[in-house]
Amino acid sequence: MREKGPAPVTTPTTKNPSRFGFASHLACRECGATTDLGGTHVCAECFGPLEVRYDLPALTRSAIETGPPNIWRYAPLLPVPPDVAASPNTEPGCTRLVQAGHLAGELGMGALWVKDERANPTHSFKDRVVAVALAAAVEMGYTVLACPSTGNLANAVAAAAARAGIRSVVLIPASLEPEKIAATAVYGGTMVAVDGTYDDVNRLASELADEREDWAFVNVNVRPYYAEGSKTIGFEIAEQLGWRLPAQIVVPVASGAQLVKIDKAFRELISLGLVPDTPYRVFGAQASGCAPVAAAFRAGHDVVQPVRPSTIAKSLAIGNPADGPYVLDVVRRTGGVVADVSDPEVASAMRLLAAAEGIFGETAVGVTLGVLRRLLADGRLDPAAETVIINSGDGLKTLGAAAGPDAAPAPIRPTMAAFRAFEESLPHDRAQAS
Ligand SMILES: Cc1ncc(COP(=O)(O)O)c(C=O)c1O
Ligand SMILES: [Zn+2]
C-alpha cells in the first residue's frame with residue numbers, strides 16, 4: 001500500500017488503552033479488510049472507506065456520568081488517548097435535549113425532543129467531530145489542521161486549531177454565507193475561498209492531502225477518526241433520556257456521517273448493555289435542491305447518483321456524499337425514510353421552531369423539521385412514538401434564510417400615540433397576544 005501521511009501507528013491487541021484508547025484497528029466498510037491505526041482512510045484492497053473498530057471496554061453508566069461535562073465523558077468509546085481532556089481543546093458536547101412540547105402540540109405529536117447543537121463552542125455539532133480528529137491527528141504527528149467545508153466545519157477547525165496552538169487551513173466554496181466566513185476569519189487561520197461547489201472544494205482538498213504529508217484534513221485523510229465524533233450525539237441523547245433510545249430520530253444528511261454514526265452509537269450502547277435493546281427508526285433529511293440520498297432511497301437504489309446542489313441549506317449542499325450508501329443501509333435496516341423538502345419549506349420550518357420553542361436553528365434544522373412535517377403529513381412517521389430531531393447548527397449563521405418580509409419593523413416615533421397607531425396596525429391575532 002502507498003504510504004500516506006505520517007507512518008502508521010500500530011496498536012497491540014490489548015484490553016489496555018493505547019494512545020488511541022480502546023480503538024484496535026481500522027476496517028474497510030466494503031470488504032472488511034483490516035489495517036493498523038494510522039493516517040490512512042482508504043482500503044488498500046478495494047479503495048473502500050475505512051472505519052475505526054474497538055476492543056470495547058466494560059463500561060458502566062456511573063463511570064460515564066462522573067466524567068467531564070463534555071464529549072470526553074465518552075472517551076473510552078472514541079479513538080483518542082485516555083488523557084485527551086488534559087490537552088487544550090474546545091470541550092464540545094453535553095448540549096441540551098429540549099422537550100419540545102409546544103412544537104409537538106402544533107404537529108399533533110406525542111413526545112418530541114430537539115437535540116440543540118447550538119451550544120457547542122462554534123455553534124454547531126462540528127466541534128465534536130473536529131475535537132476527535134484533532135486529538136487523533138496530534139497522536140499521528142500531523143502539524144496542520146485542515147478541511148474542505150460547507151461552512152460550519154471551517155468555523156470548528158479554525159477555532160480548535162487556535163485553541164490547540166497549531167496552524168489551520170480551511171477551504172470553502174466562495175458562495176458561503178457571510179456569517180460563516182466571518183465566523184471563521186476571526187480565528188486567524190488560513191482561509192481559501194474556492195470558486196466552485198463544495199464537491200469541487202472537496203476534490204481539491206483530496207489532491208492536497210496526497211501532497212501535504214503533515215496536513216490533517218479532518219474529513220479526508222483523518223476521516224475515520226473525525227466521523228467517530230458524531231457518535232457522541234447519540235451517546236448523549238441516550239444518556240439524557242435516562243439511558244434508553246428514542247423510537248424515532250430525524251437527522252440532517254450532507255455527507256451522511258452524522259446519521260451513520262448516531263446509529264453506530266446506539267448499537268454500541270446496546271452491545272455494552274448500557275441501554276435496553278429497543279427498536280428505533282432512523283430518518284434522513286435533505287433539501288430538495290441537494291437530495292441525492294433521498295432520490296436513491298425513493299428509487300430503491302443502493303448507489304447514490306451525484307447532483308449539482310442549489311439550495312439555501314448550504315451546510316447540507318454536498319452533491320456527492322461520501323456516506324450516502326451507508327445512510328441508505330441504516331435507514332433501510334431500521335425502517336426509516338430519507339426524504340427532502342423545498343427551500344420555502346426549510347425557511348418556514350426554521351421560523352416554526354423559533355416561534356414554538358425559542359430555538360433559532362440554521363437552515364439544516366429547517367430541512368430536518370421540514371422533513372419531519374412532511375413525513376407526518378404522509379403518514380410515514382408515527383406521531384405517537386417518541387421522536388428526537390437534531391438541530392445541528394445556529395440560525396445566526398444563516399440569517400438571510402429565515403428573515404421574513406417583516407423581519408425589521410418600520411421605526412415609530414417615541415410617543416404613546418405612535419405606539420397605539422402601531423398596535424392598531426398589527427394583525428388581529430398578534431395584537432391580542434400582546
Ligand atoms: C449544520 C450542519 N448540519 C448537518 C450537517 C451534515 O453532516 P454530515 O456531513 O455528517 O452528514 C452539516 C455538515 O456540514 C452541517 O454543517
Ligand atoms: Zn476494502
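How exposed is His123: buried, partly exposed or exposed? His123 is partly exposed, with a relative accessible area of 37%. Buried here means under 20% relative accessible area, exposed means over 50%, and partly exposed lies in between (1.4 Å probe, protein chains only).

## About the model

This is a predicted model: local features need pLDDT of at least 70, side-chain atom pairs count only at pLDDT 80 or more, and totals for chains, interfaces and linings use all residues. Residues are numbered from 1 along each chain as its sequence is written, chains are lettered from A and ligands numbered from 1 in the order in which they are written, and side-chain values use heavy atoms, with hydrogens and water left out.

## Two positive phi values

His123 sits in the loop between β5 (112-116) and α3 (126-139). Helices (H or I, at least four residues) and strands (E, at least two) are DSSP runs, numbered from the N terminus. Phi of His123 is near 70 degrees, a positive value in a residue other than glycine.

Cys94 also has a positive phi, about 55 degrees, and is not a glycine. Its place is the loop between α1 (61-65) and β4. Cys94 is partly exposed, at 34% relative accessible area.

## The zinc site

Four cysteines hold the zinc ion (ligand 2) through their SG atoms: Cys28, Cys31, Cys43 and Cys46. The distances run from 2.2 to 2.4 Å. Donors are N, O and S atoms within 2.8 Å of the metal (3.2 Å for Na, K and Ca); water is not among the atoms, so sites may look incomplete. In sequence the donor residues follow the spacing C-x2-C-x11-C-x2-C.

Why is the arrangement around the zinc ion (ligand 2) tetrahedral? The four donor atoms subtend angles of 100 to 117 degrees, which makes it so. Four donors count as tetrahedral if all angles lie between 85 and 135 degrees. Cys28 is buried, with a relative accessible area of 2%. Cys31 is partly exposed at 44%.

## Salt bridges

A salt bridge is a side-chain nitrogen of Lys or Arg within 4 Å of a carboxyl oxygen of Asp or Glu. By this rule the count comes to 28 salt bridges. One of them joins Lys261 and Glu228, 2.7 Å from N to O. Lys261 lies in helix α9 (residues 257-271) and Glu228 in helix α7 (residues 223-228), so the pair ties together parts that are 33 residues apart in sequence. Both partners are buried: Lys261 has 3% relative accessibility, and Glu228 has 0%.

Another salt bridge links Arg244 and Glu386, at 2.5 Å from N to O. This pair connects distant parts of the chain, 142 residues apart. Arg244 is in the loop between α8 (231-240) and β10 (248-252), and Glu386 is in the loop between α13 (363-377) and β13 (387-391). Arg244 is partly exposed at 32% relative accessibility, whereas Glu386 is buried at 15%.

Asp378 and Arg380 form a salt bridge too, their closest N and O atoms being 3.8 Å apart. Asp378 is partly exposed at 44%, and Arg380 is partly exposed at 35%. Elsewhere, salt bridges that share partners join Glu51, Arg53, Glu228, Lys231, Lys261, Lys264 and Glu268 into one network.

## The six-stranded sheet

Six strands make an open sheet in the order β4-β5-β13-β10-β11-β12, with mixed pairing. Two strands pair if DSSP finds at least two bridges between them. The edge strands are β4 (96-99) and β12 (338-341), and each pairs on one side only. The twist averages 25 degrees from one strand to the next. Axes are lines fitted to C-alpha atoms, for helices over the stretch in contact, and angles run from 0 to 180 degrees between N-to-C directions.

Within this sheet, β10 and β11 (residues 281-287) pair in the parallel sense over five bridges. Val250 stands opposite Phe283 in β11.

## The four-stranded sheet

A further open sheet has four strands in the order β8-β7-β6-β9, with parallel pairing. Its edge strands are β8 and β9 (215-217), each pairing on one side only. Neighbouring strands are turned by 20 degrees against each other on average, direction ignored.

Five bridges join β7 (residues 167-173) to β8 (residues 190-194). Val169 has Thr190 as its bridge partner in β8. The chain crosses from β7 through helix α5 (residues 178-185) to β8, and this β-α-β crossover is right-handed. That term means that, with the strands pointing away from the viewer, the path from the first strand over the helix to the second runs clockwise.

Definitions and conventions: Tetrahedral: all angles 85-135°; square planar, octahedral: opposite > 155°, others 65-115°.
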